[in-house]
Amino acid sequence: MNRQNISRENYQTYVWFRHAAEAGNAYAQFNLGLMYKKGDGIERDYARAFRWLRQAALQGLAFAQNHLGALYYNGRGVQKSDVEAVYWFRHAAEQGDASAQQNLGQMYKKGRGVEQSHELALAWFYRAAEQGVASAQSLLAECYLYGRGAAVNYPLAMAWFRKAAVQGDAIAQLHLGMMYKRGLGVEASAAQALCWFRQAAAQGNAGAQRELGLAYADGLGVRADPLRACAWLQRAGDQGDKESQYKLGTMLASGQGVERDEARALVWYQRAAEHGHVMAQYNLGSMYANGRGTERDESKALEWYRRAAEQGAPNAQFNLGVIYATGQGVPKDEVQAAQWYRIAAEQGDPSAQNNLGVMYANGQGVPQDDHMAVFWYGQAAEQGHALAQYNLGGMYGSGRGVARDAVRQYMWMLLAADAGDQTASANKSIVARRLTPAEIGSALDMSRRWVMEHGRLTHVERGL
């Protein structure tokens with residue numbers, strides 16, 4: 001080892017450890033390995049760290065065994081091996097090393113190098129937690145919070161989170177805040193939640209910073225303060241927290257307590273979208289589709305709608321259907337349009353259900369089928385979709401896919417008109433002229449019963 005690679009103040013320490021390590025002293029081997037592993041006053045060298053830690057581990061030193069397991073786990077200085085990592089973690093854990101007990105618990109939790117077992121993970125977390133290791137206490141609390149390896153037990157979860165939180169564990173502080181916020185195992189308290197969020201946020205925990213931002217944005221437990229909200233959300237967003245990035249985007253896009261700035265909103269939506277936030281992807285697609293905060297770009301709109309749609313967002317799936325049905329930035333393709341409408345419709349999107357009904361009624365992208373048209377119109381109409389109600393009324397009026405029934409036609413037209421459909425409003429009087437007073441009375445009664453059962457649901461036709 002070149003003396004130039006060792007700081008002057010560490011040279012004598014290195015020399016002593018080296019001589020003692022070569023003489024077989026396990027503690028010296030461990031400390032020398034640790035110097036190489038951490039680069040503590042010496043050039044970092046994982047291969048040399050592995051060699052010295054292994055020698056100490058073979059002599060049964062638990063500290064060395066735990067660090068050796070970590071080298072195998074991360075593949076530093078040696079080929080990565082979860083099985084070897086578990087082997088050394090176990091040796092150290094069985095000697096009572098708390099860090100190794102926590103590490104072995106993590107291996108069982110993740111199923112790495114061993115068969116996954118939440119029960120064994122909990123058992124090892126418990127042994128480390130009992131020794132006062134804050135991170136193990138937090139992990140043990142999560143087991144009770146989520147019912148991993150034991151039944152859900154909010155009081156136990158809170159007790160262990162509190163033990164870790166008072167030691168300064170930021171993750172435990174965040175969890176404790178969330179339990180107070182949601183009233184899990186304790187009476188909900190916005191003040192207590194904010195107390196713990198602040199402590200975790202001050203340590204740089206992105207989740208806690210996000211929660212503080214949301215509290216200030218919505219006035220939950222504190223007076224609403226959009227500027228503070230943005231400040232905390234930005235701190236979390238700069239750490240890659242996608243929910244914070246999305247919330248910042250929505251505040252800037254809508255001018256929610258801050259100056260409206262769609263260009264900046266686009267930037268935050270972009271960051272959240274790239275982290276996989278589905279609604280950010282949808283909103284980003286909408287901004288490109290409509291030229292908000294940027295120039296209109298149909299290809300980028302299509303890209304982001306597709307990414308959101310593939311994550312299951314029905315509004316993005318519907319918009320893809322519109323794009324292919326109208327040929328906006330892509331060759332018109334009614335088959336693909338119908339496919340995307342169907343995917344969204346099956347998730348209950350009323351606009352997609354109505355449009356799929358139109359395609360069946362007209363034989364666009366699917367075989368013409370009046371019965372299927374009535375089915376999908378009906379699904380949307382029952383959700384209060386005004387245009388679908390009008391279309392369903394038309395099917396009853398013409399007897400397409402359903403027995404002709406002028407009374408039901410009028411009933412659906414009344415509901416559509418009441419929901420704001422202008423065509424229904426203009427045409428309902430024409431239908432009424434063909435009905436007797438008794439039939440009109442029946443239609444009115446049916447429409448009132450529908451409103452009583454469903455409420456005044458209104459879903460207007462929407463597009464990009």
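Trainee: What share of the contacts in the protein chain with a separation of 6 or more comes from residues 24 or more positions apart?

Mentor: That share is 48%. Keep in mind as we go that this is a predicted model.

Trainee: Okay, and how many helices and strands are there?

Mentor: The protein chain has 25 helices and zero strands.

Trainee: What does the radius of gyration look like next to a compact globule?

Mentor: The chain comes out at 32 Å, while a compact globule of 464 residues would be near 23 Å. Along the principal axes, the C-alpha atoms fill a box of roughly 110 × 50 × 45 Å.

Trainee: And how much of the chain is buried?

Mentor: Buried residues are 48% of the 464. As for the surface, the accessible area is about 21700 Å², with 48% of that belonging to carbon and sulfur atoms.

Trainee: Let's zoom in on H16. Is it largely enclosed or open?

Mentor: Largely enclosed by the rest of the structure, because 10 of its 13 residues are buried. Among them are Gln 281, Tyr 282, Leu 284, Met 287 and Tyr 288.

Trainee: Which helices do those buried residues pack against?

Mentor: They pack against H14 (242-254), H15 (262-274), H17 (298-310) and H18 (314-326).

Trainee: What span should H16 have, and what does the model give?

Mentor: H16 covers residues 278-290, so at 1.5 Å a residue it should span 18 Å. Its end C-alpha atoms are 19 Å apart, which agrees.

Trainee: What happens just after H16?

Mentor: Gly 291 sits there with a positive phi of about 65 degrees.

Trainee: Switching topics, how many aromatic pairs are there?

Mentor: The structure holds 11. One of them joins Trp 16 and Phe 17, edge-to-face, at 5.6 Å centre to centre and 70 degrees between the planes.

Trainee: Are those two buried or exposed?

Mentor: One of each. Trp 16 is exposed, with a relative accessible area of 54%, whereas Phe 17 counts as buried at 16%.

Trainee: What about Tyr 87 and Trp 88, why is that pair edge-to-face?

Mentor: Their planes stand at 90 degrees with the ring centres 5.0 Å apart, so the pair is edge-to-face; the cut-off for that label is over 60 degrees. Tyr 87 counts as partly exposed at 43% relative accessibility, and Trp 88 counts as buried at 7%.

Trainee: Last one: which charged residues lie over the face of a Trp?

Mentor: Lys 163 lies over Trp 160, at 5.6 Å from the ring centre. Arg 235 lies over Trp 232, at 4.4 Å from the ring centre.

Conventions. Residues numbered from 1 in each chain as written. Predicted model: local features only at pLDDT ≥ 70, side-chain atom pairs only at ≥ 80, totals over all residues. Heavy atoms only, no water. Helix = DSSP H or I, 4+ residues; strand = E, 2+ residues; numbered from the N terminus. Expected span 1.5 Å × (residues − 1). Buried < 20%, exposed > 50% of the residue type's maximum accessible area, 1.4 Å probe, protein only. Contact = heavy atoms within 4.5 Å. Phe/Tyr/Trp six-rings, centres within 6.5 Å; stacked < 30°, edge-to-face > 60°. Lys NZ or Arg CZ within 6 Å of the ring centre and 35° of its normal. Rg over C-alpha atoms; globule rule 2.2 N^0.38 Å. Areas by Shrake-Rupley, 256 points an atom, 1.4 Å probe, with all protein chains shown as cover.
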